[in-house]
Amino acid sequence: GDSVTQMEGPVTLSEEAFLTINCTYTATGYPSLFWYVQYPGEGLQLLLKATKADDKGSNKGFEATYRKETTSFHLEKGSVQVSDSAVYFCALSTGGFKTIFGAGTRLFVKA
Amino acid sequence: SAVISQKPSRDICQRGTSLTIQCQVDSQVTMMFWYRQQPGQSLTLIATANQGSEATYESGFVIDKFPISRPNLTFSTLTVSNMSPEDSSIYLCSGLEQETQYFGPGTRLLVL
């Protein structure tokens, strides 16, 4: 069945460091791909999405490119801030129905 | 994008009691879902709330324990019945709009 695998956390970075959170997927069709962010004590917020191969989603300095050949959707940010500390979930959706979520990666950014 | 609100935001309940969580969406969404999230964990889908008919439950979740209603396209409730400490968790409501799921802020439940 469809699945999402993302790198285990926690990831600890210093402020202004470069961030990469790896995400790979398995899907029988042509999924849409998403990154969600969950700040402490809050629900999940959509961070960015891509709906077809080679699409790049971007928001708030974060970006991810839909790579069909490597079945990946890695999240990147050039310079993280303390306020980026959160849990990040990679997810996929096929057929516009249920969304499959990864296990989540916790990010800590130190000042 | 859909904006989703939940009530209550948190509650502390005694074992054996029931709690109903309300979910309101500001637009008509095609589907609504209820999830449970243990601290530090990913999301577990409880059920899909169907308008005007019985919810569709995932394996391990039953209607007697988690009755769900969805009287229209913008509102749903989840009841956690006969609670035990194992039901302590975050409960999240979600709505599907144009292939994208949007989430409410969650209800934090502690059962003593």
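Which residue in S3(B) is the bridge partner of B:Gln6? The legends below describe a predicted model, and the first view gives the reply.

**View 1. Pairing of strands S1 and S3 in chain B.** The bridge partner of B:Gln6 is B:Cys23, in S3(B). Strand S3 of chain B covers residues 19–25. S1(B) and S3(B) run antiparallel and are joined by four bridges. Strands of a sheet pair through backbone hydrogen bonds, either parallel or antiparallel.

**View 2. The four-stranded open sheet of chain B.** In chain B, the strand order across this open sheet is S1-S3-S8-S7, with antiparallel pairing. Strand S1 (4–7) and strand S7 (68–72) of chain B form the edges, each pairing on one side only. From one strand to the next the twist averages 15°.

**View 3. The contact between chain A and chain B.** Chain A brings 21 residues to the contact and chain B brings 22 residues. The two chains, A and B, bury about 1500 Å² between them, and 52% of this area is on carbon and sulfur atoms. On the chain A side, the residues that lose the most area to chain B are A:Leu44, A:Phe97 and A:Lys98; together they account for 29% of what that side buries. The size of an interface is often given as the accessible area lost when the parts come together.

**View 4. The largest pocket.** This pocket holds about 390 Å³ of space. Its lining consists of 23 residues, and those nearest the centre are A:Arg106, B:Gln37, B:Gln38, B:Pro39 and B:Gly40. Four strands each supply at least two lining residues: strand S10 (86–93) and strand S12 (105–110) of chain A, and strand S9 (89–97) and strand S11 (107–111) of chain B. S10(A) gives the largest share of the lining, three residues. By residue class, the lining of the largest pocket has nine nonpolar, eleven polar and three charged members.

**View 5. The second largest pocket.** The space in the second largest pocket is about 190 Å³. Of the 14 residues that line this pocket, A:Leu44, A:Gln45, A:Leu46, B:Tyr102 and B:Phe103 lie nearest its centre. A:Leu44 is also among the chain A residues that lose the most area to chain B. Strand S6 (44–50) of chain A and strand S10 (100–103) of chain B each contribute at least two residues to the lining of the second largest pocket. The lining of the second largest pocket divides into eight nonpolar residues, five polar and one charged.

Methods
Residues numbered from 1 in each chain as written. Chains lettered and ligands numbered in written order. Predicted model: local features only at pLDDT ≥ 70, side-chain atom pairs only at ≥ 80, totals over all residues. Heavy atoms only, no water. Pairing = 2+ DSSP bridges. Axes fitted to C-alpha atoms, helices over the stretch in contact; angles between N-to-C directions. 1 Å grid on protein atoms, 1.4 Å probe; cavity = no way out; pocket = protein on both sides within 12 Å on 5 of 7 lines; lining within 4 Å. Points joined across faces, edges and corners; volume = space filled by probe spheres on them. Nonpolar A, V, L, I, M, F, W, Y, C, P; charged D, E, K, R; others polar. Contact = heavy atoms within 4.5 Å. Buried area = accessible area lost by both parts, 1.4 Å probe.
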